[in-house]
Amino acid sequence: MNNLKESLDAGIARWNLLEHPFYRAWNNGTLPVPKLRRYASEYGSFIGTIAECWRAVGEESTAAEEDIHFTMWQDFGKSIAANAVGSALPATKALVRRSRASATAPAITLGALYAFEAQQPRTTASKQEGLQQFYADLGANDTYFRVHMNEEDEANILLRKMETLGVVDQQKGVAACEEMSHSLWDALTAIDEAT
């Protein structure tokens, strides 16, 4: 497949999380705290699936790190008095299902993981900045965000693995990347709109 990275990144660009109203409100300090707490709980259920996906593509050391990162996410939620991690909204349940289902086929797992990992350094930097600037009074444990702000290696690992696949599997990975990007966007929309 000609220029695999461009194809993957084009799918992500259609659902660029930094452009989502939820993250924009967070970055501008206009996101209500109850929505931030809901996000910590709901989105955390997806964060809990990441290690499983890394294991599915044979990256045990990265999966072990992701297990630790999930604990960091839970610590973030506790520090802002969010409910325990769990998905109650249909869109976050669908996101969790999509992530778990992707772990059954390597090409799909790689594409789905790339959708998340390629955006993670920029989204976590934006969120960490918003926490410091506008939500400091919450006393949020922002370790999860600080750890991921400069983490480019994971997306590169996934890209290199996808480059070794045949054209048909690369196409599956590209499709999975855009589908996961869309699911991530929909989950944020549901969290933002829930009452």
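Predicted model: local features only at pLDDT ≥ 70, side-chain atom pairs only at ≥ 80, totals over all residues.
**Before you start.** Residues are numbered from 1 along each chain as its sequence is written. Local features need pLDDT of at least 70, side-chain atom pairs count only at pLDDT 80 or more, totals for chains, interfaces and linings use all residues, and side-chain values use heavy atoms, with hydrogens and water left out.

**Stop 1: Gly 86.** Select Gly 86. It sits in the loop between helix H5 (60–79) and helix H6 (90–102). Helices here are DSSP runs (H or I, at least four residues), numbered from the N terminus. Gly 86 is partly exposed, at 28% relative accessible area. The scale: buried is under 20%, exposed is over 50%, partly exposed is in between (1.4 Å probe, protein chains only). Now show what touches Gly 86. Apart from neighbours within four places in sequence, it contacts Ser 41, Glu 42 and Ser 45. Contact means heavy atoms within 4.5 Å.

**Stop 2: H7 and H11.** Select residues 106–117 (H7) and 167–193 (H11). Their axes come within 7 Å and cross at roughly 40 degrees. Axes are lines fitted to C-alpha atoms over the stretch in contact, and angles run from 0 to 180 degrees between N-to-C directions. H7 and H11 are therefore oblique to each other. Under 35 degrees would be roughly parallel, over 145 roughly antiparallel, 65 to 115 roughly perpendicular; the rest is oblique. Show side chains next. On H7, the contact includes Ile 108, Tyr 114 and Phe 116; on H11, Met 180 and Leu 184 are among the residues met. The contact residues divide into 10 nonpolar, 3 polar and 2 charged. Ala, Val, Leu, Ile, Met, Phe, Trp, Tyr, Cys and Pro count as nonpolar, Asp, Glu, Lys and Arg as charged, the others, Gly among them, as polar.

**Stop 3: salt bridges.** The count comes to 10 salt bridges. Each is a side-chain nitrogen of Lys or Arg within 4 Å of a carboxyl oxygen of Asp or Glu.

- Select Glu 52 and Arg 100: closest N and O atoms 3.3 Å apart. Glu 52 lies in H4 (residues 50–56) and Arg 100 in H6, so the pair ties together parts 48 residues apart in sequence.
- Select Arg 55 and Asp 67: closest N and O atoms 2.5 Å apart. This pair links H4 to H5.
- Select Lys 161 and Glu 59: closest N and O atoms 3.3 Å apart. Lys 161 is in H10 (residues 153–163), Glu 59 in the loop between H4 and H5, so the parts tied together are 102 residues apart in sequence. Lys 161 is partly exposed at 25%; Glu 59 is buried at 19%.

Note on methods. Helix = DSSP H or I, 4+ residues; strand = E, 2+ residues; numbered from the N terminus.
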